[in-house]
Amino acid sequence: MQPTLSVKVWRGGAEGSFSAYEVPRQTSQTVLDVVTHIQRHLEPSLSYRFACRVGMCGSCAMTVNGKACWTCRTHVAKVAGDGGTLEIAPLSNLPVIKDLATDMTSFFDKWARAKGSFAGSTTRHEDFARVAPDSPERRAANAGIECIGCGVCVASCDVVAWRPDYLGPAALNRAWTLVNDVRDTQRSERLRAVAGDAGCHACHTQGSCTERCPKQLAPTVAIAGLKRTVAKAAVRGEL
Ligand code: SF4
Ligand code: SF4
Ligand code: FES
């Protein structure tokens, strides 16, 4: 193993360029450790984003050697190879604010467009709605519920790159989770929201989102579920 890593890091906005740094290699080092070393010891003005460092908050995603990933849980040993080279850039398909920090506004706007918020009918004065853990509905909702909003899937999706208005895998995965939540009251509105031209039918089912999701979710499966459900609702005249 080389004693140092040769690291190229994106600096500036959309029209920026890569700068090169040498970073000492360490055991169990993560890509986020490398970025943090550069910011603390070599380039104090480097901008990047992280919070939890344990794979929960979703804020540390970047493009590493050409693939989107969460950097706090990505070990250098897995991505740098024997030569010890890393190229670290901001996530694709989102505007760059500066260096490694992207503007997530469109990402969360799409969640809102896909009606990604739960809308129940009970108040805090009523008992909890009970959904059996092993019911098919609960299992279907569970399948996509662990999304941490990291944006890796959106950065990996060719359709988002071609048509920026496409709702994309994260928002559609969220919509499918709520379509399967029997307590939610907005099923028809949500199906209408994802049925449009920029909705679930725009997905080409190639599956980069599912391949790279760090939580092992399957937005491709969620989107296929939406396609089926939207089609059935359309036939019944419910949309
Ligand atoms: S399967 Fe659909 S949502 Fe996922 S990356 Fe491909 S086109 Fe995008
Ligand atoms: S579906 Fe996976 S890749 Fe996409 S935002 Fe959620 S956790 Fe990240
Ligand atoms: S820092 Fe929170 S998921 Fe990586």
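Which element gives the most to the shell around ligand 2? Keep that in mind, and I'll get to the answer in a moment.

First, some housekeeping. What you're looking at is a predicted model, where local features need pLDDT of at least 70, side-chain atom pairs count only at pLDDT 80 or more, and totals for chains, interfaces and linings use all residues. Residues are numbered from 1 along each chain as its sequence is written, while chains are lettered from A and ligands numbered from 1 in the order in which they are written.

Okay, back to the question. The element is α7, with three residues in the shell around ligand 2. When I say helix, I mean a DSSP run of H or I with at least four residues, and a strand is a run of E with at least two, both numbered from the N terminus. In total, 14 residues surround ligand 2, and the closest are Cys147, Cys150, Val152, Cys153 and Cys213. To be in a shell, a residue needs its C-beta atom, placed from the backbone, within 6 Å of the molecule. Besides α7, the element α5 (152–155) also gives two or more residues here. By class, this shell has ten nonpolar, three polar and one charged residues. For those classes, Ala, Val, Leu, Ile, Met, Phe, Trp, Tyr, Cys and Pro are nonpolar, Asp, Glu, Lys and Arg are charged, and the others, Gly among them, are polar.

Now ligand 1. Here 14 residues form the surroundings, with Cys157, Val159, Pro169, Cys203 and Cys209 the closest. Both α9 (208–212) and α10 (219–235) supply at least two residues of this shell, and α10 gives the most, with three. The classes come out as seven nonpolar, seven polar and no charged residues.

So how do the helices pack? Let's begin with α7, residues 168–179, and α8, residues 187–195: their axes come within 10 Å and cross at roughly 155°. That makes the two roughly antiparallel. A quick word on terms: axes are lines fitted to C-alpha atoms, for helices over the stretch in contact, and angles run from 0 to 180 degrees between N-to-C directions. Under 35 degrees counts as roughly parallel, over 145 as roughly antiparallel, 65 to 115 as roughly perpendicular, and the rest as oblique. On the α7 side the contact is made by Leu172, Ala175, Leu178 and Val179, and on the α8 side by Arg187, Arg190, Leu191 and Val194. Contact here means C-beta atoms, placed from the backbone, within 7 Å. Those residues divide into six nonpolar, no polar and two charged.

Next, α7 with α10. Their axes are 8 Å apart and the angle is about 60°, and the two helices are therefore oblique to each other. From α7 we have Pro169, Ala170, Leu172, Asn173, Ala175, Trp176 and Val179, which meet Pro219, Ala222, Ile223, Gly225, Leu226 and Thr229 of α10. Ten of these residues are nonpolar, three are polar and none is charged.

The last pair is α8 and α10, packed at about 110° with axes 10 Å apart. These helices are therefore roughly perpendicular to each other. Leu191, Val194 and Ala195 of α8 meet Leu226, Thr229, Val230 and Ala233 of α10, a contact with six nonpolar, one polar and no charged residues.

Finally, let's zoom out. The protein chain is divided into domain 1 (4–102) and domain 2 (105–235), with bounds that come from an automatic or database domain assignment. Their C-alpha centres lie 29 Å apart, and the contact takes 15 residues from each of domain 1 and domain 2. On the domain 1 side, β3 (61–64) and β4 (67–70) each supply at least two residues, and β4 gives the most, with four. That side has eight nonpolar, five polar and two charged residues.

Definitions and conventions:
Two residues are in contact if their C-beta atoms, placed from the backbone, lie within 7 Å.
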